[in-house]
Amino acid sequence: MRRFFGLSCIGVSLLLVAACQTRQPQDEYRPTATIKDLMDSLVDPSGDFLFDSVATIITATGTEERAPRTDEEWTNVRRAAIRVIEATNLLVMPGRRVAKPGEKAENPEVELGPEEIEALINKDRTAWTNLAHGLNDAAMLAIKAIEARDVQGLSAAGEKIDAACESCHLRYWYPNQEEQLKKVLERQPQDIRR
């Protein structure tokens, strides 16, 4: 009886191991938000916060140089950069939809509809992932600048983040603008280009 019980335990253990190994990677994730949701709630507002954190504002009354100065300001800029970085991982998560079923393009005269965008992404997931990684790389430059409290570096990282965003938008949202895409890619440093 003992021997049977021992063999049964081994058999059940092997079945459990086999069952765990057959799980697909997408089974580990539960993507509920769409790419559009992530852009609206994480990427756009956080990117705007980063861009606006360093600026020269010229008005009739004079010039204002905007940059993080206090510990709290640097912390808030870092939080925005972290949101952009981690959003890039969420964007490439298996099973993530571009938009909710039936959702339409906001400006159909200039941009593709969600179904068309999703078809382009699914046609070449490697390109989609590489573009998301390009945004991640650019946002990591912002983190390095923030940690060094380097205002010029943060400004330069903002330009690279903008170029990474534009590359993706020109490929998926505003296609058939190859010349514009080439110009954006030329502006990107070699280490971010994919």
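Which residues in α5 meet which residues in α6? In this predicted model, A127, W128, L131, G134, L135, A138, A139, L141, A142, A145 and I146 in α5 meet G153, L154, A157, K160, I161, A164, C165, S167, C168, R171, Y172 and W173 in α6. Sorted by class, this contact of α5 with α6 comprises 18 nonpolar, three polar and two charged residues. The axes of α5 and α6 come within 8 Å and cross at roughly 170 degrees; because angles over 145 degrees count as roughly antiparallel, α5 is described as roughly antiparallel to α6. The crossing in which α5 passes α6 is left-handed.

Helix α5 also takes part in a contact with helix α3, which spans residues 71-91, and the axes of these two helices come within 9 Å and cross at roughly 165 degrees. That angle makes α3 roughly antiparallel to α5, and α3 passes α5 in a left-handed crossing. On the side of α3, the contact is made by W74, V77, R78, A81, I82, V84, I85, T88, N89 and L91, and on the side of α5 by W128, A132, L135, N136, A139, M140, A142, I143, A145, I146 and E147. By class, the contact of α3 with α5 has 16 nonpolar, three polar and two charged residues. W128, L135, A139, A142, A145 and I146 of α5 are listed in this contact with α3 and are also among the residues of α5 that meet α6.

Between α5 (125-148) and α6 (151-173) lies a loop that contains R149. Although R149 is not a glycine, it has a positive phi of about 55 degrees. With a relative accessible area of 40%, R149 is partly exposed.

Of the 194 residues of the chain, 32% count as buried. Among contacts between residues at least 6 apart in sequence, 68% join residues at least 24 apart.

Among the elements, α3 has the highest mean pLDDT, at 98, whereas helix α1 (residues 2-21) has the lowest, at 52. Where pLDDT is low, the predicted coordinates should not be read in detail.

Key
Residues numbered from 1 in each chain as written. Predicted model: local features only at pLDDT ≥ 70, side-chain atom pairs only at ≥ 80, totals over all residues. Heavy atoms only, no water. Helix = DSSP H or I, 4+ residues; strand = E, 2+ residues; numbered from the N terminus. Buried < 20%, exposed > 50% of the residue type's maximum accessible area, 1.4 Å probe, protein only. Axes fitted to C-alpha atoms, helices over the stretch in contact; angles between N-to-C directions. Parallel < 35°, antiparallel > 145°, perpendicular 65-115°, else oblique. Left-handed = near helix turned anticlockwise from the far one by under 90°. Contact = heavy atoms within 4.5 Å. Nonpolar A, V, L, I, M, F, W, Y, C, P; charged D, E, K, R; others polar. pLDDT = per-residue confidence, 0-100.
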